[in-house]
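This report is meant for someone meeting the structure for the first time. Please look through the sequence and the model before reading on.

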Amino acid sequence: MSDKEYEKCSYKLFIVWFVAFISMSFLVPFLIGMCFPNISENIMIKLILAFTLIGLSSLFYLIYKTEKVYWINGITYDMAKKSTSEKRKVYAFKHFEAFLNVTIYAIIYLVISTLLSLSPIVDGTVVGIMIIVTAVKTIKTKL
C-alpha cells in the first residue's frame with residue numbers, strides 16, 4: 001500500500017473481525033465440549049483463555065497487514081494517513097510482536113498451570129495481568 005493511496009477511514013474489517021471473534025468465542029467451547037464431553041471445566045477455561053489471546057494477536061496481525069493503525073487507541077486516522085507506510089508497518093508490527101509474545105508466554109504458563117493443577121481464577125488473573133502489562137508497555141510505542 002503506497003503512502004499516496006492510504007485507504008479511507010473504515011472500521012468494516014474490524015467489525016467483521018469482532019463479530020467473528022465473538023461468534024468463535026461461543027462456538028469453540030461448544031465444539032470442544034461436544035468433541036470431548038469429559039473435558040474438565042479447568043481445562044476448558046484454559047483453552048478459552050488461550051483462544052482469547054490468539055484472537056487478540058490475530059487482531060494485531062490484521063492491523064499490521066492492513067496498516068489500519070488508527071484502530072489502536074491513541075492514533076487517529078489523520079495521524080495514520082500522514083505517516084509513511086513503513087512507519088505504520090513498524091508501529092503495527094511492534095504491537096503485533098508484543099501481543100504475540102504475551103500469547104506464547106501465556107500459553108506456556110497455562111501448560112505449566114495445568115501440570116500444577118492451579119485454579120482457573122489464578123489463571124484468569126495471571127493472563128489478565130499479562131495482557132494489561134503488555135497493553136501498558138505498548139503505550140510508549142510511537143508512530
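## Confidence and conventions

pLDDT is the predictor's confidence in each residue, on a scale from 0 to 100; for this chain its mean is 95, and 97% of the residues reach 70 or more. The model is predicted, so local features need pLDDT of at least 70 and side-chain atom pairs count only at pLDDT 80 or more, while totals for chains, interfaces and linings use all residues. Residues are numbered from 1 along each chain as its sequence is written, and side-chain values use heavy atoms, with hydrogens and water left out.

## Helix α1

Helices are DSSP runs of H or I with at least four residues, numbered from the N terminus. In α1, Trp17, Phe21, Pro29 and Ile32 are buried, where buried means under 20% relative accessible area, exposed over 50%, and partly exposed in between, with a 1.4 Å probe and protein chains only.

## Salt bridges

A salt bridge is a side-chain nitrogen of Lys or Arg within 4 Å of a carboxyl oxygen of Asp or Glu, and by this rule the count comes to 4. In one of them, Glu7 pairs with Lys68, the closest N and O atoms being 2.9 Å apart. Because Glu7 lies in the segment before α1 and Lys68 in the loop between α2 and α3, the pair ties together parts that are 61 residues apart in sequence.

Lys46 forms a salt bridge with Asp123, with 2.2 Å between the closest N and O atoms; Lys46 lies in helix α2 and Asp123 in helix α5, so this pair links parts 77 residues apart in sequence.

Conventions. Helices (H or I, at least four residues) and strands (E, at least two) are DSSP runs, numbered from the N terminus.
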